[in-house]
Amino acid sequence: MRLILMGPPGAGKGTQASHVADHFGIPAISTGDIFRANVSEGTQLGVKAKEYMDAGEYVPDEVTNLMVRNRIDEDDAKPGFLLDGYPRTLAQVEELDGMIKFTGHELDAVVVLTVDPEELVQRLLQRAETDGRSDDTEDVVRRRQEVYSEQTEPLIEVYRERGLLREVDGMGEVDDVTERIFAALADVRES
Ligand code: ADP
């Protein structure tokens with residue numbers, strides 16, 4: 001199963017990604033988590049990514065694409081994967097198409113979580129207090145929402161045209177959202 005989980009910052013992608021990936025027995029691959037792990041380990045990739053992340057901007061495509069390509073190549077991702085936070089630009093969509101085609105598979109579905117914009121900012125500011133992520137300050141949170149609208153929202157139409165899109169209401173309790181995602185994916189057959 002090859003899935004993408006999309007949604008604006010604060011939509012709850014990370015939480016849902018791990019539930020959904022467990023259910024299908026595939027790894028959840030979060031570009032944000034991989035970047036953060038690199039930042040805390042002080043790798044070259046982390047140093048490069050940090051300045052963009054702290055500003056709420058996207059890390060350049062060539063850096064991100066290579067990182068995802070390497071991750072997808074690992075053994076645990078051979079049976080499939082759930083991508084959380086990738087692709088986020090049209091160029092990344094094309095790259096991912098190439099990566100998947102190369103393995104002889106197809107993308108099976110794209111789930112997009114929809115959440116009320118003001119609720120998103122509130123969730124992120126609350127998370128800032130509990131998790132202390134350096135990109136959860138109010139200015140950066142607002143910038144991340146803007147970047148999402150400009151660069152990532154257009155991807156929704158691309159996947160809708162391909163017939164892959166499943167829109168899921170991301171408001172409410174975590175478990176309810178998970179159930180909605182399973183229901184939205186019930187008819188998806190692995191390619
Ligand atoms: P959120 O969805 O809350 O913004 P993520 O953890 O998914 O959080 O991402 C955090 C940051 O990591 C992003 O703001 C961006 O700087 C960087 N990032 C993650 N995924 C990508 C991507 N696919 N392309 C470019 N930058 C990315």
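## Charges on the surface and in pairs

Asp 175 is exposed, at 54% relative accessible area (exposed is over 50%, buried under 20%, partly exposed in between, with a 1.4 Å probe and protein chains only). This is a predicted model, where local features need pLDDT of at least 70 and side-chain atom pairs count only at pLDDT 80 or more. Residues are numbered from 1 along each chain, and side-chain values use heavy atoms.

Asp 175 sits in helix 8, residues 174-185 (a helix is a DSSP run, H or I, of at least four residues, and a strand is an E run of at least two). Glu 173, Asp 175, Asp 176 and Glu 179 make up a negative patch on the surface (patch members have over 30% relative accessible area and no salt bridge, with like charges joined within 9 Å).

Now for the pairs. There are 20 salt bridges, each with a side-chain nitrogen of Lys or Arg within 4 Å of a carboxyl oxygen of Asp or Glu. Here are some of them:

| Pair | N to O distance |
|---|---|
| Glu 74 and Arg 71 | 3.5 Å |
| Asp 76 and Arg 71 | 2.8 Å |
| Arg 180 and Asp 169 | 3.8 Å |

Arg 180 belongs to helix 8 and Asp 169 to strand 5 (residues 165-169), so their bridge ties together parts 11 residues apart in sequence. Arg 180 is partly exposed at 29%, and Asp 169 is partly exposed at 37%. Elsewhere, shared partners link Arg 127, Arg 133, Asp 135, Asp 136 and Arg 144 into one salt-bridge network.

Back at Arg 71, that residue is buried at 17% relative accessibility.

Methods:
Patch = residues over 30% accessible without salt bridge, like charges linked within 9 Å, V, L, I, M, F, W, Y side chains within 5 Å. Areas by Shrake-Rupley, 256 points an atom, 1.4 Å probe, with all protein chains shown as cover. Lys, Arg positive; Asp, Glu negative; His and termini not counted. Charge placed at Lys NZ, Arg CZ, Asp CG, Glu CD.
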